[in-house]
Amino acid sequence: MNLTFKPWNRLAWALPIIALLAGCDGGKDANQPQAPKPHAIATYVSAPWEALPSVSDSDLLAGFESWRSACQRLKADPVWGATCAAAVSVPGNAEAVRGFLKERLDVFGLRSADNTPNGLITGYYEPVYPGSLTETATAHVPVYGVPDDLIIVNLESIYPELKGKRLRGRLEGRVLKPYDDAGTLNSQGSTAKPIAWLTNPMDLQFLQIQGSGRIQLAGGRQLRVGYGDQNGYPYRPIGRWLVEQGELKKDDVTMGAISAWAKAHPQRIPELLASNPSYVFFSARPDSNEGPRGSLNVPLTAGYSVAVDRKVIPLGSLLWLSTTKPDGSPISRPVAAQDTGGAITGEVRADLFWGTGDAAGELAGNMKQQGQIWMLWPKGAALPQVPDAPAGT
């Protein structure tokens, strides 16, 4: 039951791994493209095209195609509609793309609250975990669908000052009570029907952190699952609990370190998981070789789609990113703002989608880099604005 005066749903919840494991909370909201909102204009600094770091032709074309893939969603957008309509006929060569971008778009460097150009660039990915459509001796960890008794109250629909705030719970008589926390759901189960079963409780936790993924079934098929809803509790990083327990040092918190600890202390896994009361319910998604769908409801492109703070950068925007990989090798390329996340806050902040599987997970799990972002914005369009400056990184 959804007690709200307008439709709402969640399409993705993929989040920066290190930030969430070690100490940030949040989730991704699915929203249609929006017109810019009021914001302190100092966040954006006009720059010449020559200020952009050089990119290879292959990166230019890949980033442009990633952005153009969302144009069907943006055709009615007041900012990007006309640019998208013109982009349809741009030939697929670097010279034509560069000419189009310079003709249509202006460059603005993003600045943090202290007017510096550097910010935090993290990464996320789509994991693949072994499992089954039915419970077996080895696959015994349920991946629950959305419970029928979960009620969502959109507070904004009644109290505009509570924009973005929602309550979740279940009815007991005429009273809305908090829904079960993760510890209760893990130990006692849910009224929801499992859509699949995993072999490892830590896989479920990491799947919930990423918000989407694939389950490797016997016979070769991969079942795709995505964020369905959440139990209403704030996310508390399990890495923070391990630090508080003296089990890990804060700088050592990674997916690998947490997995190694869980493998060495299987009897304490329920205690670890209960430290995070948040619990994500999933829905099955159509089989596809495309990337998972982000908040803009278009497939993400590995290496060329990013999650952003939409108070600063509207979904659908074309960005120019300069950062490094965890090994220090440089990254300079256009990327498309196609996803969002509660842990992605601040003027110079992005979460780079690395793709599917273990190799992508290795990159995403170690990605915590300094970087700069430029926004390519349609000429003549008002800059994005929000009432208050973002909280920062």
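Guide: A charge sits over a ring if NZ of Lys or CZ of Arg is within 6 Å of the ring centre and within 35 degrees of the ring normal. This is a predicted model: local features need pLDDT of at least 70, side-chain atom pairs count only at pLDDT 80 or more, and totals for chains, interfaces and linings use all residues. Residues are numbered from 1 along each chain as its sequence is written, and side-chain values use heavy atoms, with hydrogens and water left out.

Visitor: Which ring does the charged end of Arg170 sit over?

Guide: Look for the charged end of Arg170. Its distance from the ring centre is 4.1 Å. The ring belongs to Tyr179.

Visitor: How many aromatic pairs does the whole structure hold?

Guide: Rings of Phe, Tyr and Trp (its six-membered ring) pair if their centres lie within 6.5 Å; planes under 30 degrees apart count as stacked, over 60 as edge-to-face and the rest as tilted. A search of the whole structure puts the count at nine.

Visitor: Why is the pair of Tyr179 and Phe281 classed as it is?

Guide: The ring centres of Tyr179 and Phe281 are 6.2 Å apart. Their planes stand at 90°, so the pair is edge-to-face.

Visitor: Which strand holds Phe281?

Guide: Helices (H or I, at least four residues) and strands (E, at least two) are DSSP runs, numbered from the N terminus. Tyr179 is in the loop between strand S9 (175–178) and helix H6 (182–188). Its partner is 102 residues apart from it, in distant chain. Phe281 belongs to strand S13.

Visitor: Are Tyr179 and Phe281 buried or exposed?

Guide: Buried means under 20% relative accessible area, exposed over 50%, partly exposed in between (1.4 Å probe, protein chains only). Both Tyr179 and Phe281 are buried.

Visitor: Which helix holds Trp261, the partner of Trp241?

Guide: Trp241 and Trp261 pair edge-to-face, 6.1 Å centre to centre with 80° between the planes. Both are buried. Trp241 lies in helix H8 (residues 238–244). Trp261, 20 residues apart from it, lies in helix H9.

Visitor: Which residues outside its sequence neighbourhood are in contact with Arg268?

Guide: Contact means heavy atoms within 4.5 Å. Arg268 sits in the loop between H9 and helix H10 (269–274), buried at a relative accessible area of 18%. Leaving aside neighbours within four places in sequence, its contacts are Trp241, Gln245, Glu247 and Trp261.

Visitor: Where do the buried residues of H5 fall, seen down its axis?

Guide: Helix H5 (residues 94–104) has buried Ala94, Val97, Phe100 and Leu101. The arc is that of the directions from the helix axis to the C-beta atoms. The buried residues fall within 130°, so they line one face of the helix.

Visitor: Which residues are exposed on the other side of H5?

Guide: The buried residues of H5 are covered by elements including helix H2 (57–68), helix H4 (81–87), strand S3 (105–110) and strand S15 (318–324). On the other side, the exposed residues are Glu95 and Glu103.

Visitor: Which cysteine is joined to Cys71 by a disulfide?

Guide: A disulfide is a pair of cysteine sulfur atoms within 2.5 Å. The structure holds one. Its S to S distance is 2.2 Å, and the partner of Cys71 is Cys84.

Visitor: Is the link of Cys71 and Cys84 left-handed or right-handed?

Guide: Cys71 is in helix H3 (residues 71–74) and Cys84 in helix H4, 13 residues apart. Both are buried. The angle about the S-S bond is -75°, and the link is left-handed.
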